[in-house]
Amino acid sequence: MDEPGHNCGWCLAHSLEECYSFIKSLQHRGREAAGIAAVGDERIDVIKWRGPVNTFELKDLYKILKPENYHTFLGHVRYATRGRKEKILEDAHPHTIGGKIDERGSHIIITDCEVAGVHNGQVDEKYFRDLDKSLLRTECDTEAFLHLFRERGEYEILKEVPGAYTIAIADKRRKEIVVMRDRTGIKPGVLGFRDGKHAAASEDIVFKENKGEFIQDLEPGTVYYFAPNGSYRKEKVVDPNPRYCFFEWNYIAHQDSVLNGVSVRRIRELLGEKLAEEFSDLEADLVTYLPRCPEPAARSFARKLGLPFNYVFYKMRAERAFMGSTVSERQASIQQNLYLLPDNEKLKGKRVICIDDSLIRGNNSKRERELLYNAGVEKVYHLNYTPPIGIIGQDGKPRGCLFGVDMPPDDNFIARGRNLEEIEKEMGMPVRYISVEGMLEVFRKKGIPPENLCTYCIGGPHPFEDLE
């Protein structure tokens, strides 16, 4: 649990206010650190801080990053993974080469950088083995990526490193910002338009929520060049070989986003319908869900089976416990944030189906069980529209994520080494999972064939070993 990794949201914008608004719209992708790189004609300055975006007031950012000095801004939100809570600011983005570092406890200011970059994904250490490690100030793959970029350039990287990255890089030696999406497209990226200038981000939700216009997904295997005046150009370097992360649709992305032409909300609705088809024999009085992203699936499940749908739980905050960087923080986020609605008398003696996106470590689900059974529920069925994550694959390799989601193969997965009966015993309630075939059928129905998805974490093949 000591290697750095991340799942993040990033953006490229042309004003500080726009950048700040964009990363606020991407807060669902990370809440433990945020940062902005301000890019001028001859200067790159960076500030990054602990906590959600609004921890740092925009009016105070204006005092530090005076807008008249810059033409482009790179923003990032991040959650720390794999036990690096103590180095959250060191690992936070933007990562840099050069510059004067001013550490101020809750935030860091880096002035006059040579290079700055914001990245979503995770690149294997083997691609950096020829780098001079003495150049690195952190252990993050993103900083190493920036040095690789300086040594080899974007064309060689896209040809030699198949994944996993969407990344935006500002280099003082260049007038344009370089944005790359690897040929597998594991991590999302979109192109948009706002206030007469082109911008880019992890998801199209930033344009929907901020009066912009979504243009298209960034093309895998392609490099984009963003000019100071807001224009852009692109060059295809390698042919796309899609291996999209299914978990982006199932959990990570905003439910109103459209990824690679496919609606997140619609995928979740269809997953709920497929769950209903596979588990139509369950006897229940009502259907609910664990807040927040399973709601479309729960509604479609209930509709398909003609069962009542009810709100049962609420959260005080929109934070995702999954994104806590330590076990204790995840548990605290759940215990202090997930509650039953006050009118829980109606639950007594009821049989409840609770829909969840996935069962990974089981923390949220155990809290669900505790709350419902304490309220007098007769029986709880916990249904997941993602197959078991973290199993041992048929090739004997422990599964997890190697590509930027906080599910490393050595994690404490509920499904690891347990059959369904043993999982139910550990969870203290009946548990059901959508079948792998059923989930893949949903994606196929929306135009994404199974071979174009990365399913490594649920036992599928490595997404780009055959591309190396």
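**Ground rules.** I number residues from 1 along each chain as its sequence is written, and side-chain values use heavy atoms, without hydrogens and water. As the model is predicted, local features need pLDDT of at least 70 and side-chain atom pairs count only at pLDDT 80 or more, while totals for chains, interfaces and linings use all residues.

**H7 against H12.** I took helices (H or I, at least four residues) and strands (E, at least two) as DSSP runs, numbered from the N terminus. Axes are lines fitted to C-alpha atoms, for helices over the stretch in contact, and angles run from 0 to 180 degrees between N-to-C directions. I looked up H7 (residues 264-278) and H12 (residues 436-445): their axes come within 9 Å and cross at roughly 140 degrees. The two helices are therefore oblique to each other; angles under 35 degrees count as roughly parallel, over 145 as roughly antiparallel, 65 to 115 as roughly perpendicular and the rest as oblique.

I then listed contacts (heavy atoms within 4.5 Å). From H7, Ile267, Leu270, Leu271, Lys274 and Glu278 meet Gly438, Met439, Glu441, Val442, Phe443 and Lys445 of H12.

**Around H12.** I checked burial, where buried means under 20% relative accessible area, exposed over 50%, and partly exposed in between (1.4 Å probe, protein chains only). Gly438, Met439, Leu440, Val442 and Phe443 of H12 are buried. Their cover includes helix H6 (246-252), H7 and strand E25 (453-454). Just after H12, I noted a positive phi of about 95 degrees at glycine 447.

**H7 against H8.** The axes of H7 and H8 (residues 295-305) lie 7 Å apart, at an angle of about 40 degrees. That makes this pair oblique too.

**Cysteines.** I searched for disulfides (pairs of cysteine sulfur atoms within 2.5 Å) and the structure holds 0. Cysteine 19 is in none, and its nearest cysteine sulfur, that of cysteine 11, is 3.8 Å away. Cysteine 19 is buried, with a relative accessible area of 0%. Cysteine 401 is also in no disulfide; the nearest cysteine sulfur belongs to cysteine 245, 6.2 Å away. At 9% relative accessibility, cysteine 401 counts as buried.
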